[in-house]
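Reader: Hey, I'm new to this one. Could you walk me through it?

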Amino acid sequence: MRHIEAVVMRSLKDLIATLEWLGVKAGNLAKENMSRSKVRQKNAKLEKEKLNAEKIRLYERYAEQLITKEVYLQRKLELTDQISLLEETEREQQTEFDKQSDLWETATDLTSLAKGFAGEEKISRKIVEAFVFRVKVHNKEKIEIEFLFENEIQKLMESLQDEIKQTA
């Protein structure tokens, strides 16, 4: 039984160290991406406001008979298309912000949990309940440990890999 406890504790220490590192790295990256998404969203909104103002000025020029109906309709259609693209950009950036916000929250929660158990030297019910889903003992040489948060860890790792691919 001591052997199993030692294996589980060693794995828990590795997991806690990984969670601390991963949480900080992925959390910082998510926070940066959230900020970039908000800036892009704000820029799209400002550009959309400029184009809407341009549509108003365009109509005024048409109403004053400074431009023809055909020119007015053609330019209005172009402006409407550009505005639609900017609205789509705003929606995409909000979706990206929400995704990054979820990643940041996950990273923060896991980092906090890991820090709460950092430095533990002995296995306890509390640490096992916090991190372990199941331990399967096949024999002395083969012990399987299933941890909680595996999906969350995978998402954080993928977020870091996505960033590495984008910068390469």
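Reader: Which residues form one aromatic cluster here?

Author: Y59, Y62 and Y72 form it. Before going on: this is a predicted model, where local features need pLDDT of at least 70, side-chain atom pairs count only at pLDDT 80 or more, and totals for chains, interfaces and linings use all residues. Residues are numbered from 1 along each chain as its sequence is written, and side-chain values use heavy atoms, with hydrogens and water left out.

Reader: OK, how many aromatic pairs does the structure hold?

Author: There are 4 aromatic pairs. Rings of Phe, Tyr and Trp (its six-membered ring) pair if their centres lie within 6.5 Å; planes under 30 degrees apart count as stacked, over 60 as edge-to-face and the rest as tilted.

Reader: Why is the Y59 and Y62 pair called tilted?

Author: Their planes are at 55°, so the pair falls in the tilted class, and the ring centres are 6.3 Å apart.

Reader: Where do Y59 and Y62 lie?

Author: Both are in helix α1, residues 2-63, and they sit 3 residues apart, about one turn of the helix. Helices (H or I, at least four residues) and strands (E, at least two) are DSSP runs, numbered from the N terminus. An α-helix has 3.6 residues a turn, so residues three or four places apart point the same way.

Reader: What about α1 itself, how many residues does it have?

Author: α1 has 62 residues and reaches 88 Å from its first C-alpha to its last, close to the 92 Å expected at 1.5 Å a residue. That expected span is 1.5 Å times one less than the number of residues in the helix.

Reader: What happens just after α1?

Author: Q65 takes a positive phi of about 60° there, although Q65 is not a glycine. Q65 lies in the loop between α1 and α2 and is exposed, at 71% relative accessible area.

Reader: Where does F149 lie, and what is its phi?

Author: F149 is in the loop between β2 (142-147) and α4 (150-167). Its phi is positive, about 70°, although F149 is not a glycine.

Reader: Switching topic: what is S11 in contact with, leaving aside its neighbours within four places in sequence?

Author: I145 and F147, where contact means heavy atoms within 4.5 Å. S11 is in helix α1, and S11 and I145 are 134 residues apart in sequence but 8.2 Å apart in space, C-alpha to C-alpha.

Reader: Last one, S159: buried or exposed?

Author: S159 counts as buried, at 12% relative accessibility. S159 is in helix α4, and leaving aside its neighbours within four places in sequence, S159 is in contact with A26, L29 and L103.

Notes: Buried means under 20% relative accessible area, exposed over 50%, partly exposed in between (1.4 Å probe, protein chains only).
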